[in-house]
Amino acid sequence: AMSSAIKAMARLNQRRLISRQDTTKSDDSFSDENSEVSENAGLTPKDAFHKFDTDASGDIDEDEFFHLLQSVGIKGNEEYQERLFRRYVKSGSKTIDYDGFKTAWILLGQPKQELLERGVKGIPKFATRYQLVRLLEKTLDDEERLDALAKAEA
């Protein structure tokens, strides 16, 4: 018999699959320029971390971070991108670890869209960006806990 955690993960993965299928359909809201943005829809921060950690070092370097910014549609000159990178770099390092990446992923993304793609119900209609970010953080933390629990039970 499957435990409730495994059932919850199965439902979550099914929602992600449906989300990914929805984003691959022809959709005028994504231009060719933003095609990679739609590819990132429904990714967990952990999935995205592995996608952008192209050298599999376990950290995100400056070039990988710039690719992330481009991928999520954040434009800006090199100085702006470097400032963003420094904001998330782990202390005493020149790279971003998973925790810093997760924070950047949440803050630089579109929290309301992420919540909707994850099937979160009861999102306040007039929520501030701060409230949406906090709700997304909690949702992602819950997903990671369920994922870890499901793996531990497997």
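Trainee: Is Glu137 buried, exposed or partly exposed?
Mentor: Glu137 is partly exposed, because its relative accessible area is 23%. Keep in mind that this is a predicted model.

Trainee: And which residue does Glu137 form a salt bridge with?
Mentor: Arg134, with the closest N and O atoms 2.3 Å apart.

Trainee: What does Arg145 pair with?
Mentor: Asp142 is the salt-bridge partner of Arg145, and their closest N and O atoms are 2.5 Å apart. Both are in helix H8, three residues apart, again about one turn. Arg145 counts as exposed at 52% relative accessibility, while Asp142 is partly exposed at 25%.

Trainee: How far apart do Arg83 and Glu79 come, N to O?
Mentor: Their side chains meet in a salt bridge at 3.5 Å. They are four residues apart in helix H5, so about one helical turn separates them. Arg83 is partly exposed at 44% relative accessibility, and Glu79 is exposed with a relative accessible area of 53%.

Trainee: How many salt bridges does the count come to?
Mentor: Ten.

Trainee: OK, switching to the fold. How many helices and strands does the chain have?
Mentor: Eight helices and zero strands. Buried residues account for 36% of the 154 residues. If you take contacts between residues at least 6 apart in sequence, 53% of them join residues at least 24 apart.

Trainee: What about the surface, how much of it belongs to carbon and sulfur atoms?
Mentor: 51%, out of an accessible surface of about 9600 Å².

Trainee: Now the inside. Which residues have the most contacts within the largest nonpolar core?
Mentor: Phe65, Phe101 and Leu108, in a core of 19 residues. The helices giving two or more residues to this core are H3 (45–52), H4 (62–71), H5 (78–88) and H6 (98–108). H6 gives the most, with five residues.

Trainee: What does Phe65 touch, leaving out residues up to four places away in sequence?
Mentor: Ile60, Gln81, Leu84, Phe85, Tyr88, Ile96, Ala104 and Leu108. There's also a second, separate core of nine residues, including Ile106, Val120, Leu136 and Leu140.

Trainee: And aromatics, how many pairs does a search of the whole structure find?
Mentor: Five. One of them is Phe49 with Tyr98, edge-to-face, at 5.6 Å centre to centre and 90 degrees between the planes. Phe49 lies in helix H3 and Tyr98 in helix H6, so the pair ties together parts 49 residues apart in sequence.

Trainee: Are Phe49 and Tyr98 buried or exposed?
Mentor: Both are buried. Phe49 also forms an edge-to-face pair with Phe101, 5.3 Å centre to centre with 75 degrees between the planes. Phe101 is in helix H6, so this pair with Phe49 of helix H3 ties together parts 52 residues apart. Phe101 counts as buried, at 1% relative accessibility.

Trainee: Which residues form the aromatic cluster?
Mentor: Phe49, Tyr98, Phe101 and Trp105.

Trainee: Last one: which residue's charged end sits over the ring of Tyr98?
Mentor: Lys46 does that, with its charged end 5.1 Å from the ring centre.

How values were computed:
Residues numbered from 1 in each chain as written. Predicted model: local features only at pLDDT ≥ 70, side-chain atom pairs only at ≥ 80, totals over all residues. Heavy atoms only, no water. Core = buried A, V, L, I, M, F, W, Y, C linked by side-chain atoms within 4.5 Å. Buried < 20%, exposed > 50% of the residue type's maximum accessible area, 1.4 Å probe, protein only. Contact = heavy atoms within 4.5 Å. Areas by Shrake-Rupley, 256 points an atom, 1.4 Å probe, with all protein chains shown as cover. Phe/Tyr/Trp six-rings, centres within 6.5 Å; stacked < 30°, edge-to-face > 60°. Lys NZ or Arg CZ within 6 Å of the ring centre and 35° of its normal. Salt bridge = Lys/Arg side-chain N within 4 Å of Asp/Glu carboxyl O.
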